[in-house]
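Here are some exercises to work through with the model open beside you. Try each task before you read its solution.

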Amino acid sequence: MIETFFTARPNQIGSIAVTILCTLFVLAALSGSYAASPEETSDSTVAEKTPYPPGELGRVVRLGESLVMETHSHPLTRPYVGNHLNCTSCHLEGGKHPEAGSFIGVAAAYPAWSGRESKVITLEDRILNCFIRSQNGTRPENGSEVPVAIATYITWLSQGWKLQMNPKAPLGPNHVEPLDASQFTADPKRGETLYEDRCAFCHADDGAGTDDGPAVWGDFSYNDGAGLSKVPKLASWLKVAMPLDDTDLTAQEAFDIAAYVNGHARPKFSPSEKRGKTDSAGK
Ligand code: HEC
Ligand code: HEC
């Protein structure tokens with residue numbers, strides 16, 4: 001039924017939406033759990049059940065979703081992207097994945113303190129940081145169509161989450177669970193063997209990517225200022241995200257592979273070049 005809603009012609013949407021809302025209301029009332037909080041339902045269920053808002057707001061949510069899915073090819077974001085990645089390459093399922101770079105609930109954590117920048121940043125600032133580091137690109141202007149649309153999409157995925165500004169880090173309630181680096185000694189040699197067995201058929205022996213997976217090192221990957229360029233961060237993300245259809249790495253294997261992957265050359269992060277002329281924060 002939700003799918004019908006998404007594919008319906010605009011003039012049908014109103015009445016279908018009313019039907020859906022009434023049905024959801026009745027179902028919820030019957031089960032005695034109307035307005036279930038995100039804690040009571042699984043995170044991805046919340047995202048799937050949330051209809052797009054009506055009117056212009058809904059259009060902008062959908063635009064943000066498209067930019068997250070097609071960052072490297074979409075005409076609005078292409079000029080700001082310097083590699084072959086999309087936001088969804090790391091924020092799996094467009095950020096609807098409950099653990100691997102989840103966007104669910106993220107908007108409720110901002111403004112937040114960023115130690116990396118020694119200042120309080122907004123959700124838009126956080127989005128723009130992924131452009132210059134993870135996307136190895138430049139910053140679209142703060143307040144322009146791209147960050148506004150992506151922030152609108154992330155906020156839509158955060159509805160129902162209790163506002164809880166983060167005083168420690170620019171991270172939302174479902175951020176990647178960090179593995180304790182002090183417990184593991186990463187061995188890139190073991191990582192190489194594991195990479196060839198578990199990763200190379202999608203990401204290629206030379207890390208340049210295939211039709212089944214994007215580049216993990218080299219010119220078209222994230223730069224050395226990106227979160228994933230740090231071995232513990234990559235290991236923690238791999239543990240919940242890769243191999244894509246079979247996330248069964250042990251923490252030790254994740255560290256070994258992360259050390260091997262990040263042992264290769266990748267683009268250099270240069271703050272002054274990347275910030276873009278229009279960004280006053282770059283001065
Ligand atoms: C190369 C991988 C990668 C790509 C591509 C990427 N990101 Fe990220 N992003 C990360 C990592 C890693 C984090 C830190 C997440 C964590 O620790 O849970 C992060 C964090 C974030 C956060 C903060 C999440 C939170 O929990 O508060 C936002 C917002 C964000 N990214 C937006 C984007 C957007 C928008 C794009 C596309 C323009 C993008 N990212 C592209 C890897 C990536
Ligand atoms: C079945 C194919 C497949 C396998 C196997 C696989 N990946 Fe991926 N990987 C993907 C896809 C596809 C994406 C992008 C996700 C998307 O667009 O939905 C991705 C994304 C990534 C990313 C973030 C984006 C980038 O390219 O930097 C990294 C890092 C990564 N994979 C590493 C690995 C590692 C390490 C392994 C082995 C443990 C692995 N993958 C196994 C398909 C795969």
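**Exercise 1. Find which residues come closest to ligand 1, and how many surround it.**

Start with the shell: 26 residues surround ligand 1, where a residue is near if one of its heavy atoms lies within 4 Å of the molecule. The closest are Cys87, Cys90, His91, Cys130 and Val176.

Before you go on, some ground rules: this is a predicted model, so local features need pLDDT of at least 70 and side-chain atom pairs count only at pLDDT 80 or more, while totals for chains, interfaces and linings use all residues. Residues are numbered from 1 along each chain as its sequence is written, chains are lettered from A and ligands numbered from 1 in the order in which they are written, and side-chain values use heavy atoms, with hydrogens and water left out.

Next, look for polar contacts (pairs of N or O atoms within 3.5 Å; within protein, one must be able to donate a hydrogen and the other to accept it, and residues adjacent in sequence count only if both atoms are side-chain atoms). The side chain of His91 has an N or O atom 2.8 Å from a nitrogen atom of ligand 1. For Tyr110, a side-chain N or O atom sits 2.8 Å from an oxygen atom of the ligand. Lys233 puts a polar side-chain atom 2.7 Å from an oxygen atom of ligand 1.

**Exercise 2. Work out which residues coordinate the iron atom of ligand 1, and at what distances.**

Check the donors, meaning N, O and S atoms within 2.8 Å of the metal (3.2 Å for Na, K and Ca); water is not among the atoms, so sites may look incomplete. His91 (NE2) and Cys130 (SG) coordinate the iron at 2.1 to 2.3 Å. Then place the pair on the chain: His91 is in the loop between helix H5 (87–90) and strand E1 (112–114), and Cys130 is in helix H6 (residues 123–132), 39 residues apart. Helices (H or I, at least four residues) and strands (E, at least two) are DSSP runs, numbered from the N terminus.

Now the geometry. The six donor atoms subtend angles of 86 to 178°, so the arrangement is octahedral; for six donors, that label needs opposite donors over 155 degrees apart and all others between 65 and 115.

Last, is Cys130 buried or exposed, or in between? Buried means under 20% relative accessible area, exposed over 50%, partly exposed in between (1.4 Å probe, protein chains only). Cys130 has 22%, so it counts as partly exposed.

**Exercise 3. Describe where Gly101 sits and what it touches.**

Gly101 is in the loop between H5 and E1. Its relative accessible area is 12%, so Gly101 is buried. Contact means heavy atoms within 4.5 Å. Leaving aside neighbours within four places in sequence, Gly101 contacts Cys90, His91, Gly95, Val176 and Trp237. Gly101 and Val176 are 75 residues apart in sequence, yet their C-alpha atoms are 6.2 Å apart.

**Exercise 4. Decide where to be careful with the coordinates.**

pLDDT is the predictor's confidence in each residue, from 0 to 100. The chain averages 86, and 79% of its residues reach 70 or more. Residues 1–11 stay under 50, and the model gives them 13 contacts beyond four places in sequence. Residues 277–283 are below 50 too, with four contacts beyond near neighbours in sequence. Where pLDDT is low, the predicted coordinates should not be read in detail.

Note on methods: Four donors count as tetrahedral if all angles lie between 85 and 135 degrees; four count as square planar and six as octahedral if opposite donors are over 155 degrees apart and all others between 65 and 115; anything else is irregular.
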